[in-house]
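User: I'd like to learn how to read strand pairing in a model like this one. Can you walk me through it?

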Amino acid sequence: MIERGESLWMDARRRLFQNRAAVFGLAVVCVLVALAIFTPYLAPYDYDRQDLALGAAAPSAAHPFGTDSLGRDLLTRMLYGSRISLLVGFLATLVSMGIGVTYGAVSGYLGGRTDGILMRTVDILYALPFIFFVIILMVYFGRSLVNLFIALGCIQWLTMARIVRGQVISLKQKEFVEAAVAMGVSTPSIVFRHLVPNVLGPIIVYATLTVPTVMLEEAFISFLGLGVQPPMSSWGLLMSDGVKHLELEPWLILFPGFFLSLTLFSLNFLGDGLRDALDPRYRSD
Amino acid sequence: MSADGMPLLNIADLKVHFPIYRGLLWRKTMGLVKAVDGVSVSVRRGEVLGLVGESGSGKSTLGRAVLGLNRPCGGSISYGGVDLLRLGKREFRPYRSKIQIIFQDPYSSLNPRMTVYDILSEPLRVHERLTRSEHRRRVSEMLDRVGLEEAHMNRYPHEFSGGQRQRIAIARAIIVRPDLIIADEPVSALDVSIQAQILNLLVDLQQSFQLTLIFISHDLAVVRHIADTVAVMYLGKIVESAPADRLYARPLNPYTQALISAVPSVDPATRARRIILKGQIPSPSDPPSGCHFHPRCPHAVDRCAREEPPPAEFAPGHHSACWFSEFPPS
């Protein structure tokens with residue numbers, strides 16, 4: 001028996017790269033992120049340059065994705081839009097993961113009265129229409145993109161908290177948690193070293209589902225005038241715009257829709273792959 | 001298995017009761033499960049105490065109370081003269097390294113996300129300030145001591161068999177050099193062929209580290225192999241305790257007699273004398289009146305249903321709680 005001194009992360013990376021779907025997902029996400037980062041050098045036009053004489057034109061050599069009713073190049077607008085959408089998607093998901101995992105794990109582990117109070121708070125927040133909540137946050141903290149990310153993260157953590165809490169409650173009955181308590185391991189250490197790593201699977205899967213949800217919510221908020229301001233754009237905004245022209249100019253919904261779906265699929269494949277790679281029980285050797 | 005006479009742990013009149021709640025919004029206490037109800041027992045330094053009983057007799061609850069895993073509602077647990085139940089969370093901390101536990105199921109007692117090294121170094125991290133290389137040295141020393149290899153350090157629990165996992169759990173318990181180990185049915189979940197190996201390992205470690213051991217089990221044959229003193233529990237009470245040799249040779253309590261007669265034997269003469277108990281262990285939330293054992297006892301009389309027999313000493317170190325222990329039937 002020869003033992004390689006592999007850390008969890010090295011081992012996880014090796015197994016992630018053995019999973020074809022995950023590698024595909026990772027590649028697509030990387031390409032999309034790279035495109036978003038280098039947009040100013042790649043975009044063929046300015047995102048706000050109008051050509052009213054041209055109007056809404058179908059895809060052509062000059063405008064590969066076509067133009068919208070103001071004659072703006074869709075490819076350019078999608079490139080710029082991807083910066084907002086990806087940033088919103090990842091940052092808001094990160095914020096919601098941070099809050100949700102901590103809140104749920106603490107609530108589930110402490111249990112009893114603390115759990116009751118924390119989870120009833122979640123129920124109350126669930127009952128509030130989320131848009132109302134975002135508006136309050138945006139009005140109170142000012143209208144900026146960063147605040148939009150945080151506000152979206154702040155409403156997305158509720159489900160994450162419930163998922164994590166449920167998992168933690170079933171886990172804390174396990175004897176390894178009791179062994180840690182008996183050993184004198186501190187409560188934060190039990191929660192973050194023993195419990196959270198064991199809930200990583202559902203957390204990652206749910207996080208990959210949160211990314212597209214947040215992208216669409218951003219579109220809704222921008223539509224209300226609280227998020228991204230025209231002539232700036234995002235995928236969500238382009239789609240809600242495209243829906244209105246579905247019959248005559250279908251390319252306006254097809255391209256943003258395709259890329260949003262592609263992102264969603266890639267993230268799901270990547271999420272599944274990560275979940276399996278991070279679970280030592282799936283180790284194939 | 002030597003004991004030098006000084007009591008390390010002294011449990012006096014310990015009571016652990018669990019309330020039963022009913023109702024969702026207005027919680028009402030419907031009753032009490034008296035898992036441990038007035039248990040007194042003491043363990044000398046270096047002694048092995050065997051704690052036997054059926055499932056539901058409260059033997060595990062007793063062990064867990066010593067570790068502070070459940071809160072007793074009465075009595076005292078004195079460890080080296082200090083009452084553990086009076087200590088706050090902070091004051092209890094030093095004792096967490098002195099008292100360790102080995103659980104029954106090695107599949108659920110090891111965190112599946114941690115490597116063997118992480119599992120074994122955690123108690124060291126909590127209780128001792130060591131450098132990285134010292135950590136590694138202690139862990140590999142301990143792995144060697146329990147019959148595993150240094151090479152196993154970077155593996156995960158699922159890569160081991162049940163017996164090997166239990167070795168890891170044992171290593172985790174003794175790596176901080178505790179005085180007292182509570183072994184809660186440490187071999188019950190294992191294959192019979194592995195049980196003997198793990199038992200021998202425990203005996204070996206107990207002797208070389210001068211450990212005091214509370215060995216909880218429902219298997220009298222296993223306890224006989226390892227214990228100096230045996231205490232038999234029934235429905236939250238100790239019904240009989242005696243030095244192991246004496247208890248197996250001359251059990252005084254009818255319950256102990258029935259248990260010992262149930263140990264499988266190859267001798268047909270012994271097999272014939274088996275005492276069959278009627279019924280099952282009653283619910284600890286609604287124990288029978290008087291002597292808890294009377295509905296199942298072959299020798300019960302009216303008095304047993306009315307009055308609870310106090311534990312009495314019938315020979316040096318031999319206690320039994322039965323009205324008729326003076327005249328052991330047949």
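Analyst: Two strands pair if DSSP finds at least two bridges between them. Strands (E, at least two residues) and helices (H or I, at least four) are DSSP runs, numbered from the N terminus. This is a predicted model, where local features need pLDDT of at least 70, side-chain atom pairs count only at pLDDT 80 or more, and totals for chains, interfaces and linings use all residues. Residues are numbered from 1 along each chain as written, chains are lettered from A and ligands numbered from 1 in the order written, and side-chain values use heavy atoms, without hydrogens and water.

User: Which residue of S4(B) does Leu9(B) stand opposite?

Analyst: Tyr79(B). On the S2(B) side, Leu9(B) has Val43(B) as its bridge partner. Next along, Asn10(B) bridges to Ser78(B) in S4(B).

User: How many bridges join S1(B) to S2(B), and how many join S1(B) to S4(B)?

Analyst: S1 (7–22) and S2 (28–44) of chain B pair antiparallel over 13 bridges; S1(B) and S4 (74–79) of chain B, also antiparallel, share five.

User: What's the strand order in the sheet?

Analyst: S2-S1-S4-S5 in chain B, an open antiparallel sheet of four strands. S2 and S5 (82–83) of chain B are the edges, each pairing on one side only.

User: Which helix packs on the sheet?

Analyst: Contact means heavy atoms within 4.5 Å. Axes are lines fitted to C-alpha atoms, for helices over the stretch in contact, with angles from 0 to 180 degrees between N-to-C directions. Here H1 (59–66) of chain B touches S1, S2 and S4 of chain B, and its direction makes about 115 degrees with that of S1(B).
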